[in-house]
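Visitor: I'm new to this one. Can you put it up and walk me through it?

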Amino acid sequence: MYILAIESSCDETAAAVVEDGRRALSNVVASQVEEHKLYGGVVPEIASRRHAEAVSAVTGRALSEAGVDLSELGAVAVTYAPGLIGALLVGVNFAKGLALSAGLPLIPVHHLRSHVAANYLAHRELEPPFLCLIVSGGHSHIVRVEDYTRYTVLGRTRDDAAGECFDKAARAMGMPYPGGVHLDRLAPTGNPQAFKLPRPRVEGSPYDFSFSGLKTAVVNLLHNAKQKGEEVNVADLAASFQCTAVEILCGNLLRAAEDTGAHTLVLAGGVSANSGLRARMERECAARGLTLYAPPLSLCGDNAAMVGAQAFYEWEAGHTAGMELNAYPTMPV
């Protein structure tokens, strides 16, 4: 079954054709990063306008690169939640119009579920159940994936998401947007033990995260040094920050794995591209005899292939929508 998938939840306009949930025939992404760099972050109104300008051409290119005609499609899928509401509405309305005009079923896909499904494209042997750490700019979850469309949330952030914390800490250190990528490149050149940073815990919720205190500690450290006229070794601070954040993420995931008896762990989301996180999890899983899966770097960020992968399983579960489908800025996984 060929599914045409549309993704527009943030600042990437994407379209892809995916076969049977496991093979991406095309995966086209139009990024807005260079434009949003001017503002140090994503401007929702600009993102929505750029989606409206790009979505038709991106979709046409995805079909062309896949060598699949509209008449050969089995369904149209689209990310409908969560995300920037204006951006989501562009994708949802485009997908609704396309599905209606072509007489195709419409499959709504949750953004976090699709990040998990990126792993299905890269690892065809991967099947639920497994434990997944979903980490991105807006989300930090530990989820038990019971089957392809049934999830149990074991832990989540109580304040900032991990990716947001990375980006804001990097910005405080003077790095350009998107900061997390630049911080990850600089961190290996510094001393991860140079600065002692807080490792917040949520009392009574061993799998939940709290990153706002870590971010604030970095900002305060830099401000205090500036007021005293002292120089801060940014490479050392980047290394210390990354080491601390990775330790928090890995610690909670491994604790959940031990408590639940999970033997298969999965990374998903934009922050799963972080080299420190991937290396630490590889070491920890090897030492414990656990199996670890992570998507290739090309599928860590927002893309439509992962939407098409999850859409196949939503279709099998009978999860389709009509022309009443709406977009939602927040929604449980």
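Guide: Start with the contacts, meaning heavy atoms within 4.5 Å. Among contacts with a separation of 6 or more, 73% join residues 24 or more positions apart. This is a predicted model, where local features need pLDDT of at least 70, side-chain atom pairs count only at pLDDT 80 or more, and totals for chains, interfaces and linings use all residues. Residues are numbered from 1 along each chain as its sequence is written, and side-chain values use heavy atoms, with hydrogens and water left out.

Visitor: How many helices and strands are there in the protein?

Guide: The protein has 10 helices and 10 strands. These are DSSP runs numbered from the N terminus: helices are H or I, at least four residues, and strands are E, at least two.

Visitor: And what share of the residues count as buried?

Guide: Of the 333 residues, 54% do. Buried means under 20% relative accessible area, with a 1.4 Å probe and protein chains only.

Visitor: Pick a helix. Which residues of helix 3 are buried?

Guide: Among them are Ala87, Leu88, Val90, Lys96 and Leu98. Helix 3 covers residues 85–102.

Visitor: What covers the buried residues there?

Guide: The cover includes strand 1 (2–7), helix 2 (44–66), strand 4 (75–81) and strand 5 (106–110).

Visitor: What comes just after helix 3?

Guide: Gly103, with a positive phi of about 70 degrees.

Visitor: New topic. What does the C-alpha trace span?

Guide: About 65 × 45 × 30 Å along the principal axes of the protein.

Note on methods
Buried < 20%, exposed > 50% of the residue type's maximum accessible area, 1.4 Å probe, protein only. Expected span 1.5 Å × (residues − 1).
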